[in-house]
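Welcome, and thanks for taking a look at this one. Here is a short briefing to read alongside the sequence and the 3D view.

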Amino acid sequence: EKARRATPEYNAREKARRATPEYKARVRAKEKERQSVPGYEESERKRKREWSQSHAGKAYRKEYNAKPEVIAKRNSKRDSERLEVLQYYSKRLSKSNIPCCRCCGDNFHIDFLAVDHIAGIKKMDSEPELVKLGYSSSMGATNLMHWIIVNNFPKGFQVLCHNCNFAKGYTTNKNKCPHQK
């Protein structure tokens, strides 16, 4: 039986059978029937959770995330969200869509710019407005950009170049950029 199912002819027949409207209608009817059972959603969530934590689920996710088209889509989304955040917070200063550093005005290359926590990354964990929105200092850069967009660009962030951002965080400079002295 296994050898018969492994043949290309069998696979082609099965694929054609599953593409028929009758088959699809039968599958939809079975799914609708399953969903009408009380507790279906909870049991389905539990089943999906167990599968995603299994060896097969982890292997599938790893293989899926390694696909070039998935990587390209993820990188494109990350870059567009980052640009949107940089443009929004720079617009207050430059009155244009060109992202620039709030301290020194640097706008040579977008990769040299960073989103800075005005009050400091750790102090922002205690700001009630941000905590209520779900802010956490443990967010990575990509998650932070997405969080900022979803929460409608909250106050407390600015755009700095990496040099000014690093200098601002340096305690021997009294947490001030050399441009501010």
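**Surface and overall form**

The protein exposes about 13600 Å², and carbon and sulfur atoms supply 56% of that area. Please keep in mind that this is a predicted model.

**Fold and dimensions**

- The protein contains nine helices and two strands.
- The C-alpha trace spans about 80 × 40 × 30 Å along its principal axes.

**Burial, contacts and charge**

- Of the 181 residues, 23% count as buried.
- Among contacts with a separation of 6 or more, 51% come from residues 24 or more positions apart.
- The side chains include 39 positive and 21 negative ones, and the centres of these two sets lie 2 Å apart.

**The largest nonpolar core**

- In soluble globular proteins, nonpolar side chains tend to be buried together.
- Here, the largest nonpolar core has 21 residues.
- The residues with the most contacts inside this core are V85, Y89, V115, Y135, W147, I148 and F157.
- At least two core residues are supplied by each of α6 (68-94), β1 (113-117), α8 (141-150), β2 (157-161) and α9 (162-169).
- Leaving aside residues up to four places away in sequence, Y89 touches I148, F153, P154, F157 and V159.

**A look at Y88**

- Y88 sits in helix α6.
- Y88 and H55 are 33 residues apart in sequence, and their C-alpha atoms are 42 Å apart in space.

**A look at K168**

- K168 belongs to helix α9.
- The relative accessible area of K168 is 19%, and K168 is buried because this value falls under the 20% cut-off.
- Not counting residues up to four places away in sequence, K168 touches D116, H117, I118, Q158, L160, N175, K176 and C177.

Technical notes
Residues numbered from 1 in each chain as written. Predicted model: local features only at pLDDT ≥ 70, side-chain atom pairs only at ≥ 80, totals over all residues. Heavy atoms only, no water. Core = buried A, V, L, I, M, F, W, Y, C linked by side-chain atoms within 4.5 Å. Buried < 20%, exposed > 50% of the residue type's maximum accessible area, 1.4 Å probe, protein only. Helix = DSSP H or I, 4+ residues; strand = E, 2+ residues; numbered from the N terminus. Contact = heavy atoms within 4.5 Å. Areas by Shrake-Rupley, 256 points an atom, 1.4 Å probe, with all protein chains shown as cover. Lys, Arg positive; Asp, Glu negative; His and termini not counted. Charge placed at Lys NZ, Arg CZ, Asp CG, Glu CD.
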